[in-house]
Amino acid sequence: MRPRWGSIVLWGGLLVYPLVVSFADSGDFLQDVGATLVLSAIGACAWNIVGGYAGQVSVGHAIFFGAGAYVPLLAYELFEAPPLIGVPFGIVVAVAMAALIGLPTFRLQGHYFSMATIAVAELIRLVVGNWDLLGAAIGIQGPATPRVWWDLIFRSAVPYYYIFLGVLALTVYITWAMAGSRFGYYLRAIRAGERAARSLGVPVRRTKLMALMLSAALTSVAGSLYAIKVGFVNPESGLGILVSVQMIITAALGGAGTLYGPIIGAIILVPVQSATNTWFGGSGSGLTYILYGGIIMLLARFEPGGVVELWQQLRPRLWQLLRARAKTEQARVA
Amino acid sequence: MILLQAAVGGLLLGAVYALFSSGLTLIWGMMNFINFAHGEFVMLGMYVALLVSWVNLGPEVFGPAAAVALMLLGVIVYMGLIKHVMRGPMLSQILSTFGLALLLRYSAFYIFKSDFRTLPDTALSGTLNLGGIYVSRAQLLAGLLAGVLALGMHVLLTRTALGSRLLAVAEDRNAAMLMGIHPDRMQALAWGLSAASAGIAGALMAIAYPFSPSVGETFALTAFVVVSLGGFGSVPGAMIAGFIIGLVEALAGYLIGPIYKDVIVYGLFVAVLWIRPQGLLGTGSESRS
Amino acid sequence: MLLEVQNVSCSFGSLLALSEANLSVGEGEIVGLIGPNGAGKSTFFNCVAGDLEPTSGSIRFNGVDVTRAPAEHHALLGMGRTFQVPATFEDMTILDNVMVGAFLRYHRRADAHAKANEVLRLTGLEAQANLRARGLGTPGRKRLEIARVLASEPKLMLLDEALAGLTPAEIQRAMELVRRIHALGITIVIVEHIMEVILTLAQRVLVFNQGRTIAHGKPSDVVNDPRVIEAYLGHRRHARRERRA
C-alpha cells in the first residue's frame, strides 16, 4: 500500500486531536466528542464490510451492536466479572445472530435480507425490553467504580479515545487486508453483479454470509466499547433502529464501499450531531433525524458514492482550475 | 367466547393489513422494489384523517382525502426519487425509501408529537352486539371497507384494461413498450395506487384505533411480514396473508399477552423465510436471487 | 464427450420453453446454436450454464452430473459463459474484472494478478487495464467479459451472442479472438444470429425452433435444410406482417 498523504494527515490528526484540544476551554467536552467520533467510525467501518463492499444493505445492525453492549454488562451484573471478559462472548452471540439471519435470506433476493434485518432487530429489542433478566426497559449497568484497571473505568475521555483509536486502526487494517484479498474481490463482484459473479465461480451465498459474520463481530466490538465507556445500556440505546441508522448514514455519507469513507462520514456527522444536541437540546434529536432522512435521500438520489466519490469527481476539475490559474500567473509574469 | 371476539377483531384488522400490504406487493412485483416508507404512508393517511376532522368534515371524507393526498405523494415520490434510483445500485434503492421513511416519521413526530390520539367521536362510535360478540362500529366499518377495497384492487389489476397494462409492464417492460404502453407512466400510477391504498388503510384505522407517528414503523414491518407470507408480488397472496397475520396477532395477544403479539408476528416472519420463503402464492423462482 | 445434454426440457409454469433437447459436444469442438427469437436457445443455454434448472433430462459435464448444480459449481468444473447483455462489473477496473475470474484458480492475489495480466495481453485489453469498465463501449465490454471468463481457465466456453451489435470490422476482430481461444484448446458453444459467424466458425450447428431442436449438422447442410428455412422465413414473414399492422 502506497502511503498517501491524505491518510497520513488523517491518522496524524486523529492521533494528536485529544492533546491539541486539551488546551481549549471546553477541552474535556471536545475530547468526549472525539471519543464518540472514533466509536461511530468503528461502527460505520464494520457496517461498511457487508453494506458497502458486499452491497447487502443491513438495516438492523443494532442487533450486533446490542449483543456487544449487553453481554459484557451482563457478565458484570450476573457474575460480577469485568465487562471486558464478556466481549468475546458478545462477539459469539453477534456472529450467531448473523448466521441466523443470513442463512435463510442470502439465497433470496436482496430485499428479503434487508427486511429480515429490520424485523429481527425489532424482535430482539422487544424481547430484551420485556425480559427482566436482561434489564427489561430499564437496562443494565456496569461497574460504577473501578475495582481493577481492566474494568476500564476512566474519568477522562482520553484513555477511551486511544483505546477506540487502536480498535479503529485494527478495523481499518482488517478491511484493507480483506479488500485486497480474494474474498474482497468476490465481495465487490457480488455487489457489482451477482449473476455474473456466480458464473465466474464465486460462492455467493457463503461469501455474503462470511461478510455478514465478520461485520457482525466488528460491530459487536463497537457495542462493547460503547457499553464499557458509558457504563450502561438499554433497549433504545443498544438495540434501537437509530443505532442502525447512525451506522448506515455515517458509512454512506462518507462513501460506502471505500476504505476511509466511514471515517470521513463520522468526522462530518458527529460534530454536527453534537452541535445540534447542544443547541436544540432534547428536541434536537428529532430534528437530527429529519435531517438524516433528507441527507440519506439526497445521497441515494444524487451521489450514492458519498463524499469520497464526490471528491474523486471534483478532483480532476480542481486540478484543471489550479493549472489554469498557474498558467495565467506565468503569462502575467512573462 | 372472548377468544372468538379476539378472532373477529383480528380478522377486521387483518382486512386493513390486507389493503395496505396489497399496495406494497404491487410495487414489489412490478418493479422489484420494496418501499421502506410504506408504513409511513399508512401513518400519513391517519394524520390526513386527523386534519380533515379538524376542519369539521365528516368521516366520509377521511378515506377519499387520504386517497387523494397519498396518491399525489406516491406519484411525486416516484417521479422525484424512485425513477432515478431504479437503475442504480441496491444500496441507493434501499436508502432512498429508507431515508424517506425517516424524514416522514420524524417530521410527523416533530409536528404532532409522540402522543397517541383518537379521532373525535362521530356517528361511528359505539359498539354492536353481533350474537354475543362485541365489535366497535368503527372497527367493523374499517374492516369491511378495507376488505372491499383490497378486493377491488385485485379486480382492478386482473379484470380491467388499466390493470392489464400495469401487469404488462411488470411482466416485461420492453414488450410493454413495444405495445405502446408507457412503462414510466404505469409505474408512476402504480406508486400512486400503492400509496393511496396505504393512505386509505390509515384513514380507516384512524377511525377505529388510536394512532401516533410511531405506528409507521410497526406497520412497515407488518407489511413486510404479510407480503413475504403472501408471496412475491402476489396481491391475492397479500390479501390472504393479511387476514392470517391479523388473526395470529390477535390470538397471540389474547393467549400469550399483548406485549408478545409483535414478537410472534416477527418470529413468524423469520420462520417463513427459513421454511417457505416463496410464501403462500409465490412460485419460488422469483424470490431467489 | 465433454458435454452431454440428454432430453432436457424446461417449463415455466404452464409454458414449455424447451422440449427434449439433446446435444453432445466433444473436446475441442466449436458448436453453434441458432434459431429465431423465443425458440428456446437461451433457455437451453441457461440450463447448460447452470442458471436454470431443467424440469427434466440430464446434463453431464466432463463426466459429472451437473443437472441440478448451481452456476458456481459449473464454473468450478470448467464451464464459463458470457451474457447476452454484457454483465461486466461496471465500477471495477478492467484489471479487477479479470482478476475476479482469475481468482477461481489462483487464490493468491499475486498469482491472480499475473494471470489477469496474461489474459489482458491475449485479448488486447492491457492498455486499458486501469480504466473503469463503465468507460467501455459495447464491443469493449464483450471483449472484457470474454477475458474475464478466460482468466478462470475454462474447458468449455458458452458464448451468448458475443458478436451481436458489433460493426463488421469489430465482428472480424471478435471472430479472430474466438479462433485464438479455440486454438488454446477450449471447446466453444456459441449462440449467434449472424449467419456469417456461424458458417465460418462453427463446425456443427444445432437449430432451435419453438422450444425444440429441428436440425443438426454441418453449417452448410443446416442452412439449406428446408425446415430451417421455413423456421426463419416463416418468422420473417410474420414479422413483416406485424410491422405493417
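Visitor: Which residue in strand 2 of chain C does C:E4 stand opposite?

Guide: Strands of a sheet pair through backbone hydrogen bonds, either parallel or antiparallel. In this predicted model, the residue that stands opposite C:E4 is C:S24, in strand 2 of chain C. Strand 1 of chain C, residues 3–12, is joined to strand 2 of chain C by seven bridges, and the two strands run antiparallel.

Visitor: What is the strand order of the open sheet of four strands in chain C, and which strands are its edge strands?

Guide: The order of this open sheet in chain C is 2-1-4-5, and its pairing is antiparallel. Strand 2 (15–25) and strand 5 (64–65) of chain C are the edge strands, since each of them pairs on one side only.

Visitor: How should I read strand 3 of chain C, and is it buried or exposed?

Guide: In a regular strand the side chains alternate between the two faces of the sheet. In strand 3 of chain C, C:I30, C:G32 and C:I34 point one way, while C:V31 and C:L33 point the other way, and all are buried. Because five of the five residues of this strand, residues 30–34, are buried, strand 3 of chain C is largely enclosed by the rest of the structure.

Visitor: Which strands pair with strand 3 of chain C, and in what sense?

Guide: Strand 3 of chain C pairs in the parallel sense with strand 8 (residues 187–191) of chain C, over four bridges, and C:G32 has C:I190 of strand 8 as its bridge partner. Strand 3 of chain C also pairs in the parallel sense over four bridges with strand 9 (residues 204–209) of chain C, where C:R204 stands opposite C:V31.

Visitor: How many residues of helix 1 of chain C are buried, and what follows the helix?

Guide: Nine of the nine residues of helix 1 (residues 41–49) of chain C are buried, so this helix is largely enclosed by the rest of the structure; among them are C:K41, C:F44, C:F45 and C:V48. After helix 1 of chain C comes C:G50, whose phi is positive, near 95 degrees.

Visitor: Into which domains is chain C divided, and where do they touch?

Guide: Chain C is divided into domain 1 (3–78 + 154–244) and domain 2 (85–153), with their C-alpha centres 24 Å apart. Nine residues of domain 1 of chain C are in contact with 10 residues of domain 2 of chain C. On the domain 1 side, helix 6 (residues 168–183) of chain C gives the largest share, three residues, and the residues of that side divide into seven nonpolar, one polar and one charged.

Notes: Residues are numbered from 1 along each chain as its sequence is written. Chains are lettered from A and ligands numbered from 1 in the order in which they are written. This is a predicted model: local features need pLDDT of at least 70, side-chain atom pairs count only at pLDDT 80 or more; totals for chains, interfaces and linings use all residues. A residue is buried if 20 or more other C-beta atoms lie within 10 Å of its own, exposed if 12 or fewer, and partly exposed in between; C-beta atoms are placed from the backbone. Two strands pair if DSSP finds at least two bridges between them. Domain bounds come from an automatic or database domain assignment. Two residues are in contact if their C-beta atoms, placed from the backbone, lie within 7 Å. Ala, Val, Leu, Ile, Met, Phe, Trp, Tyr, Cys and Pro count as nonpolar, Asp, Glu, Lys and Arg as charged, and the others, Gly among them, as polar.
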